[in-house]
Amino acid sequence: MNPVEMYARGSTLVIHKTLIRLFGMYAAVMISELLELLRIAEETGRLIDGYFEINADRLEKETTLSRYQQNEGLKVLEDAGIILTKTFGMPAKKHVSPVLKNFETLLSKSPIINNNKEVIIKEKKEKRVVIINKKGIKPLFEDDTEKLRLFCDSPVSNMSLFLSQMTKELTLGIDVSYYYFAVRDWSGSANKKRTAKGWIATARNFMRRDNEKGKLKLAGGIPGTLKYLEL
């Protein structure tokens, strides 16, 4: 079954949990809706060089997401290389082209789908306590990781690479895309520089801080407490 058939939402707002865990709620809703629009565009012959038009008002009606929430979701997907956007036509209108090859590649590498680590999930009152084994994930950076850079100039500013270094966190159900933007915005506003590995460590420190305060951002907005043996 191809991604369009598997993840398009159809006539109801049902979002695949894998998408929520990978991209966060806004982006998950948007990619599901965009795949449905792609299916319709293909069936009706409305694709223009692989692109189809999107309309914020119609998207809000179909998804309940505001323009701001739509743009946040689109930004996550674009940074991850899952979609391309272009504005053209008379009058100029925004168009989107889902990059299905990148989408399938990211899903195939996801620990949520290909989980090769032992994860034990226990329910405790209204909070989730998750214990993960100590087997680590080797970094996959190909760039110069020792150079201090702003987050926006770092190799991990690429959303796909950032996500690839957060396999444990994705498995645990953390909203990793939220922390991607939190670290990116903090770096820009405070002019902070780190190595590529340092930015991954900073993102995890943000997660630990929120976890200690009981404010850890989990995919789907589920309140919870996570207990790590290694993070």
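The chat below goes through some local features of a predicted model of one protein chain.

Visitor: What am I looking at, and how many helices and strands are there in the chain?
Guide: This is a predicted model. The chain has ten helices and seven strands.

Visitor: How much of the chain counts as buried?
Guide: Of its 231 residues, 45% count as buried.

Visitor: And what share of the contacts join residues at least 24 apart?
Guide: That share is 66%, taken among contacts between residues at least 6 apart in sequence.

Visitor: Let's take the strands. Which of them form an open sheet, and in what order?
Guide: Three strands form an open sheet, and the order is E1-E3-E2. The pairing in that sheet is antiparallel.

Visitor: Which ones are the edge strands?
Guide: The edge strands are E1, residues 52-53, and E2. Each of these two pairs on one side only.

Visitor: How many bridges hold E2 and E3 in their pairing?
Guide: Six bridges, in the antiparallel sense, between E2 at residues 83-88 and E3 at residues 93-98. To pick out positions, Leu-84 stands opposite Ser-97, and Thr-85 has Val-96 as its bridge partner in E3.

Visitor: How many bridges for E1 and E3, then?
Guide: Two bridges, again in the antiparallel sense. Glu-53 has His-95 in E3 as its bridge partner.

Visitor: What sits between E2 and E3 in the hairpin?
Guide: There are four residues between the strands. Gly-89 in this hairpin takes a positive phi near 100°. Pro-91 is found in the loop between E2 and E3, and the peptide bond from Met-90 to Pro-91 is cis, with omega near -5°.

Visitor: Which residues other than glycine have a positive phi here?
Guide: Asp-49 is one of them, with a phi of about 55°. Asn-191 is another, with a phi near 55°.

Visitor: Where are they, and are they buried or exposed?
Guide: Asp-49 is in the loop between H3 and E1. Its relative accessible area is 74%, so Asp-49 is exposed. Asn-191 lies in the loop between helix H9, residues 176-190, and strand E7, residues 193-194. Asn-191 is exposed too, because its relative accessible area is 53%.

Visitor: Switching to helices. Which residues of H4 are buried?
Guide: In H4, which spans residues 56-63, Ala-56, Leu-59 and Thr-63 are buried. Seen down the axis of H4, these buried residues fall within an arc of 60°, so they line one face of the helix.

Visitor: What covers them?
Guide: The cover includes helix H3, residues 25-44, and helix H5, residues 67-79.

Visitor: What caps the N-terminal end of H4?
Guide: Asn-55 does. One of its side-chain oxygens lies 3.0 Å from the backbone nitrogen of Asp-57.

Visitor: Back to Thr-63. Why does it count as buried?
Guide: Its relative accessibility is 1%, and the cut-off is under 20%, so Thr-63 counts as buried.

Visitor: What does its side chain reach?
Guide: The side chain of Thr-63 reaches the backbone oxygen of Leu-59 at 2.6 Å. A polar atom of the Thr-63 side chain also lies 3.1 Å from the backbone nitrogen of Leu-65. Just after H4, Thr-64 takes a positive phi of about 75°.

Visitor: You mentioned H3 and H5. At what angle do they pack?
Guide: At about 80°, with their axes 8 Å apart. The range for roughly perpendicular is 65 to 115 degrees, so H3 is roughly perpendicular to H5.

Visitor: Which residues meet there?
Guide: From H3, the residues include Tyr-26, Met-30 and Leu-34. Those they meet in H5 include Gln-69, Gly-73 and Leu-77.

Visitor: Last one. Is Lys-17 buried or exposed?
Guide: Lys-17 is exposed, because its relative accessible area is 58%. It lies in helix H2, residues 17-23.

Visitor: How far is Lys-17 from Ala-219?
Guide: They are 202 residues apart in sequence. In space, Lys-17 and Ala-219 are 8.7 Å apart, C-alpha to C-alpha.

Terms used. Residues are numbered from 1 along each chain as its sequence is written. This is a predicted model: local features need pLDDT of at least 70, side-chain atom pairs count only at pLDDT 80 or more; totals for chains, interfaces and linings use all residues. Side-chain values use heavy atoms; hydrogens and water are left out. Two strands pair if DSSP finds at least two bridges between them. Buried means under 20% relative accessible area, exposed over 50%, partly exposed in between (1.4 Å probe, protein chains only). The arc is that of the directions from the helix axis to the C-beta atoms. Contact means heavy atoms within 4.5 Å. A polar contact is a pair of N or O atoms within 3.5 Å; within protein, one must be able to donate a hydrogen and the other to accept it, and residues adjacent in sequence count only if both atoms are side-chain atoms. Axes are lines fitted to C-alpha atoms, for helices over the stretch in contact, and angles run from 0 to 180 degrees between N-to-C directions. Angles under 35 degrees count as roughly parallel, over 145 as roughly antiparallel, 65 to 115 as roughly perpendicular and the rest as oblique.
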